[in-house]
Amino acid sequence: MAYTVPKLTDYSAAALEKAASACADACASEMGTIRTDADLKTFRDRWLARKNGILTQINDLWLKSAPKAERPVVGQKVNWLKKHVEGLVEVAGNRLLLQRAPATQYRTVVSLDFGGPVDITLPGARRPIGAEHPVIRTMHEIVSVFQKLGYSVAEGPVVETDYYNFEALNFPPDHPARDTQDTLFIAGQESKPQRERLLLRTHTSPVQIRTMEKMRPPIRIVIPGTVHRNDPPDASHSPMFHQIEGLAVDTNITFGDLKGTLDHAMKALFGSNVKTHFRPSFFPFTEPSAELYVTCFICGGSGKRGADACRPCKQTGWIEVLGCGMVDPNVFEFVKDNGYDPKKVSGFAFGMGVDRLALLKYGVDDLQYFFQGDVRFLEQFG
Ligand code: DAH
């Protein structure tokens, strides 16, 4: 029997609910019989026609004839029913469209009970796809240059002991070289022996020792990671930043290998026409030590940008990229038992700051942008 709108005499919540759901059920079951566009039109007219459609009748028979006091409650129910029926009519139209669509276009027809009609043809909620952070992207680029040379990746803890961060890297206790590292110490460690006290690693170099304890020579590793120093944040400093460390140990590794490897890596990173330049330096864990400079990839080494001075290289035409050197025999002494006899093996190491390179590469003028998490900044790298 086709549904007809009953008159209401009882306006209690229970009676309203019963009448409304009988109507909704009728609409849903009629919807199930639609096969053609003509069926759809008949269905839509029967339920939605302004003149004498079922919803219009309900408006007249239920709402308008209800006693004044009951109208708000009846109104609510009628509104719900209206939305529900309109939803079903829309779904009915979409179903017909779907039936006609090629199978490959809509492969899955989802049927979930959301307590009302669901238009499965609406686009789903889109979640923005994230992008690699510029610092991480730079890190990956550097790491992949070394991976192609046969290096593998090692990692270590950010909260480190005094032993790995300093002592085993040939910074003896109380040695002034420790002052160069502006260390953030973990509080409450005084009762421990000094070498066990915890701190935030100031460089990725401790992972050299940790890896040599675990792996016998020969090794070739790069170590990306975050490091911390007691530096107040400004346009070129941050208490947290990123480094990539490198270590190669084998028999007969020479300073020539160090130069050749780093020269190749700089050309792979900054372009084949950059020149490299090594200047003597000091690090407790390498001897001899050097700083590596590359020709400024902003001004091409001229120190000028048009008529202006080139700022990134301070007009020198050279940019310092890393510290490096031949592993100090004193460092090997700490891992001698694992095959690192300084009389038998030699090696080179290097360490570079990633954030500054990312600044230069992407022409960003304030380091803080990297760490504020402002989506408007980060989106530009998507
Ligand atoms: N760890 C040093 C620093 O953060 C950088 C460095 C210099 C690392 C020379 C090395 C190296 O491996 O050989 O200041």
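Me: Before we start, what should I know about the numbering and the model?
Reply: Residues are numbered from 1 along each chain as its sequence is written, and side-chain values use heavy atoms, with hydrogens and water left out. As the model is predicted, local features need pLDDT of at least 70 and side-chain atom pairs count only at pLDDT 80 or more, while totals for chains, interfaces and linings use all residues.

Me: How many aromatic pairs are there?
Reply: Rings of Phe, Tyr and Trp (its six-membered ring) pair if their centres lie within 6.5 Å; planes under 30 degrees apart are stacked, over 60 edge-to-face, and the rest tilted. Here that rule gives 16 aromatic pairs. Take Phe171 and Phe285: the centres are 6.0 Å apart and the planes are at 35°, so this pair is tilted.

Me: Which parts of the chain does the pair of Phe171 and Phe285 tie together?
Reply: Elements are DSSP runs numbered from the N terminus: helices are H or I with at least four residues, strands E with at least two. Phe171 is in the loop between helix 6 (162–165) and strand 3 (198–200), and Phe285 in the loop between strand 6 (276–283) and strand 7 (286–295), so the pair ties together parts 114 residues apart in sequence.

Me: Are Phe171 and Phe285 buried or exposed?
Reply: Buried means under 20% relative accessible area, exposed over 50%, and partly exposed in between (1.4 Å probe, protein chains only). Phe171 is buried at 1%, and Phe285 is buried at 10%.

Me: What kind of pair do Phe255 and Phe278 form?
Reply: That one is edge-to-face, at 6.2 Å centre to centre with 70° between the planes. Phe255 lies in helix 8 (residues 255–270) and Phe278 in strand 6, so parts 23 residues apart in sequence are tied together. Phe255 is partly exposed at 26%, whereas Phe278 is buried at 18%.

Me: Which residues do ring pairs link into a cluster?
Reply: Tyr362, Tyr369, Phe370, Phe371, Phe377 and Phe381.

Me: Where does a charge sit over a ring?
Reply: The test is NZ of Lys or CZ of Arg within 6 Å of the ring centre and within 35 degrees of the ring normal. Lys77 has its charged end over the ring of Trp80, 5.6 Å from the centre; Arg279 lies over the face of Tyr293, at 4.0 Å.

Me: And what are the domains?
Reply: Bounds come from an automatic or database domain assignment, which gives domain 1 (13–100) and domain 2 (134–379). Their centres, taken over C-alpha atoms, are 71 Å apart.
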